[in-house]
Amino acid sequence: MSSRRGFLQNVLAGAGIFASAKVLSAQEMQMSGDMPGMNMKGKKEPIHDHGSPVLVETPDVPNLPWRMDGNVKEFHLIAEPVKQEIVPGRVVDLWGYNGSAPGPTIQVTRGDRVRIIVDNHLPEATSMHWHGFEIPIDMDGAPGSSQDPIAPGGRFVYEFTLHQEGTYFYHSHMAMQEMMGMIGAFVMHPKDGYKPRVDKDFVVILQEYAILPNITVPNSMNMEFNWLTFNGKAGPATTPLIVRHGERVRIRLINLGMDHHPIHLHGHQFVVTGTEGGRQPESTWGPGNTVLVGVAQSRDVEFVANNPGDWMLHCHLPHHMMNQMSSMVGPMSRRTGMPAGLDMERGMGMLRQGSSTSEENGPSLGRGMGVGSTAEQTVTNSPLKPGSPMQHQDMPDMQRQGMQMGKPDVSKDASSVPGFPQDAFMEGPMMAMDQMVDKPENFGLRRGWSGFMAGMMAFVRVLPPDKYDHIMELRKKREGNKPMKMDMPGMEHKHE
Ligand SMILES: [Cu+2]
C-alpha cells in the first residue's frame, strides 16, 4: 500500500468524510511524510491487515489527524468557541475543540505513545481530563489537584503510553464547560480485531443543551434541556449510519450531560460488548434492544444487521425525541415572539410562594428557562380557547425556508378534546424539511420522513447491496466536489 494512499485516508479522516469503513493498519493510521510543511519522522511499520480492527466513523464529526514525532503520535487540540448548526438554520454558540462540538474523534492503537498538545483559546481557564485512562496522575487533567488549570492563551502538553482498549473519551474537567459541548471520543483499538469481527464501527456522542428560542448560547445551569443531540446534531439533521445488509455492526455510545439516555434500536437485538472500562467478557453478553447510557458512561453494542430497512436509533425518553421542546409546544409554534418567563429559581422549581401544583406554578415548573410559564398562554394540560386548531402564523416564513408545509391531520373539533395538541404541531408531514437536510445518506428515505425525526434520533439504514452501493457512489461524488477541509496542526486553523 503506498504512502500516498495512507496520506489521503488521513486527510479524509480529518475531514470526517470516510466513504466506508477502512481496515486499519499501523501504516494507514500514520501520517505520511510527504505532507507539505510538516516534519515527518515516523517510520513505516509493516502492513498488518489480517484481523485488524476497522476505523470508527463518527457521523457529522471529523477524526483528529496526527503526525509522528519519532515513535510518538502527536495530536493537537484547540479548546475554543464553536458555531454549531444543530438543525438547518439553528446555529448556536457552543464551546468545543478544533471547530467542532463534540470535538474530533481520536483513534489510537493499544500500546501507542501519545502526545496531545492542548491550546486554550477560551476566554477562561480550562483543563483536559482523559476519562478512564490509566495514566500517571500528573497527566490526569484534574484542575487544582493534578495540575494548574490551563490559562486562557495557555498550553498544556499531555503525554502518555496507552495500554488499554475500548471506547474512552476526553472532556474539559470544568463542570459548566462540559455543558457547553466540551467532549470528544477517544477510541483505543486493540492490536488485533475482536471476534466476531465487525464490518462497521460507529461512534455516537450524546449531549444536551438548554437554549431559548431566540438565544444562541446554552444555559449551562439549567436542569432541563430542549436540544438533544447525536454527534452535535438533532434529528432530522443527524446523519444515518449506513450499513450493508448482513454486516456486523458496532455502535459506541458515549454520554456526557445531565441525563441518562435509554438508547433503543428498532428491528434488531444487540449485545453490550463494552463499557467505559473496556471490552466485556462474552459470557456477559445477553440480548437487548435498549441500553441505558448513564452520564459519564460509554456502551458498545453489537448486532448483525440481518433485517433490511431504515431503522430508528433513538433515546426513548419522550422529551428527548423533540426539538426546542417546551410546555408551550402548540402556542409557541403558532405565534411570533416570546413572552417573558419566570425567573430562574421558580423555573427550576424553587418557589418563593404558593404550591408546586397551583394553577400559577403547575404548568411552568421544571421548564427552567422561563419558557411556557406565562399564565395567559393556553397550555396542553389546561382547556384550550375555542377556535380553529390551525393558527400557524409563521407558515409562509417557514415555507420560504424550505419547510414542506401542509395541513396537519387534525379533526375539526380538535380543540375541544382535553390534551390537544400533543404532537400535532410538532411532528408530521407538515414539519418535514427533507430538502433542507438532503445528503447522500438520506437518499431514498420515504417522503416526509424528516417531519418525524427530532432530538436524539437517527436511522440505521440496513440496505440491500444495490442501494448500499448507490449511496456509497453518491458519497464519493460529494467528496469529490467538496474542497478538502484541512484541519491539521501547524496550519492556519479556521472554523466556520
Ligand atoms: Cu435521552
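In this predicted model, strand 10 is largely enclosed by the rest of the structure, because 10 of its 10 residues are buried. Its side chains can be sorted by direction: Lys200, Phe202, Val204, Leu206 and Glu208 point one way, while Asp201, Val203, Ile205, Gln207 and Tyr209 point the other way, and all of them are buried. Strand 10 also has neighbours to pair with. It runs parallel to strand 13 (residues 248-255), and 7 bridges join the two; within this pairing, Val203 stands opposite Arg252. With strand 11 (residues 227-230), the pairing of strand 10 is antiparallel and extends over 4 bridges.

Strand 10 (200-209) is one of the elements against which the buried residues of helix 6 pack, together with strand 12 (241-244) and strand 21 (457-463). Helix 6 covers residues 465-481, 17 residues in total, and its first and last C-alpha atoms lie 25 Å apart, close to the 24 Å expected at 1.5 Å a residue. The buried residues of this helix are Tyr468, Ile471, Met472, Arg475 and Glu479. Looking down the helix axis, these buried residues fall within an arc of 100°, so they line one face of helix 6. On the face turned away from that buried side sit the exposed residues Asp466, Lys477, Gly480 and Asn481.

His261 counts as buried because its relative accessibility is 0%. His320 is buried as well, with a relative accessible area of 6%, and the cut-off for buried is under 20%.

Stepping back to the whole protein chain, the model contains 6 helices and 21 strands. Of the 496 residues in the chain, 56% are buried. Among contacts with a separation of 6 or more, 75% are made by residues 24 or more positions apart. The accessible surface of the protein chain comes to about 21,200 Å², and carbon and sulfur atoms account for 54% of that area.

How values were computed
Residues numbered from 1 in each chain as written. Predicted model: local features only at pLDDT ≥ 70, side-chain atom pairs only at ≥ 80, totals over all residues. Heavy atoms only, no water. Expected span 1.5 Å × (residues − 1). Buried < 20%, exposed > 50% of the residue type's maximum accessible area, 1.4 Å probe, protein only. Arc of directions from axis to C-beta. Contact = heavy atoms within 4.5 Å. Areas by Shrake-Rupley, 256 points an atom, 1.4 Å probe, with all protein chains shown as cover. Pairing = 2+ DSSP bridges.
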